[in-house]
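Reader: I would like a close look at one part of this protein: the charged pairs. Please walk me through them and their surroundings.

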Amino acid sequence: MIDGLVLAIQFLTRLPVKKCVDFNDKNLSKSILYYPFVGLLIGGFGALVYYIFAYLNDRIASFFALLAMIVITGGLHLDGLSDSFDGFLSCRERDRVLEIMKDSRLGSFGVLAIVLDILLKYILISSIEGNMFLILGLSYANSRLIIAYLISAKRIAKAEGIGYMFYKSKPKKYALFGGIIYIVMLLFVDPIYLIPLFFSFIPGQIMANIAYRKIGGFTGDVYGATIELCEIVSLLTFLGVLTWI
């Protein structure tokens, strides 16, 4: 199980974990269990940076918190977001969409998606008042729990690439176990935090419907795009929930 944790950290972050772990089905499957908890780590790091700069003002703190979370993930999911938008909004046939998504060049839709994603996250983080360790930590954990569910429950578009490697590792039982632990943890902290998690499932299902229609299933890029969208929806829900209570 330690190998699964190490692999989850190595894949989802750029933290310098030097332990060598075999990239095999067994370890890939077990790594899925830890996805929401690595999300907590990413969001917690962003919150730490936020509070370091909070003595200046909220806007500067929000900027550096967002920058820190982009750096710690290596912008991995932003790349998936841009590729997915370039492909899905091209209005081409399935094979051509997959070619566009695989192309390393950045198109206009991809640029627009990245700019709007970062801008909206900055606005949301700077608008939220509350415990940033909980808000950012749970938002980034929610999105990765959704991806664990999608990887284990939804079909993939092609029998190659990172997405296929995770899919064929059959991680369903580990995704379920990790989800149960995470939900029980939320219940102990405060059941109200289940609300952002619930709403985070919506962009996940929307992306599943679009991916099925456009290319027949998920790819690694679509997983990355879904993580970004789930983070936004979770933050947006936190803003509404905290205002409501």
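Author: Asp117 is buried, because its relative accessibility of 4% falls under the 20% cut-off. This is a predicted model, so read every value as computed.

Asp117 has a charged partner. Its salt bridge is with Lys121, and the closest N and O atoms are 3.8 Å apart. Lys121 is buried as well, with a relative accessible area of 3%. Both residues belong to helix α7, which covers residues 108–127. They sit four residues apart, about one turn of the helix.

Take Glu231 and Arg144 next. They form a salt bridge, with 2.7 Å between the closest N and O atoms. Glu231 comes from helix α12 (residues 220–244) and Arg144 from helix α8, so this pair ties together parts that are 87 residues apart in sequence. Both Glu231 and Arg144 are buried.

Glu99 and Arg96 meet in a salt bridge through their side chains, at 3.1 Å from N to O. Both lie in helix α6 (residues 94–102). Three residues separate them, about one turn of the helix. Glu99 is partly exposed, with a relative accessible area of 47%. Arg96 is also partly exposed, at 38% relative accessibility. Both values fall between the cut-offs of 20% and 50%, so neither residue counts as buried or as exposed.

Next, the nonpolar surroundings. The largest nonpolar core has 66 residues. Within this core, Tyr35, Phe88, Ile125, Ile215 and Val222 touch the most other members. Helix α8 spans residues 132–153 and gives the most to the core, with 12 residues.

Asp117 and Lys121 are buried, and so are Glu231 and Arg144. Glu99 and Arg96 are partly exposed.

Notes: Residues numbered from 1 in each chain as written. Predicted model: local features only at pLDDT ≥ 70, side-chain atom pairs only at ≥ 80, totals over all residues. Heavy atoms only, no water. Core = buried A, V, L, I, M, F, W, Y, C linked by side-chain atoms within 4.5 Å. Buried < 20%, exposed > 50% of the residue type's maximum accessible area, 1.4 Å probe, protein only. Helix = DSSP H or I, 4+ residues; strand = E, 2+ residues; numbered from the N terminus. Salt bridge = Lys/Arg side-chain N within 4 Å of Asp/Glu carboxyl O.
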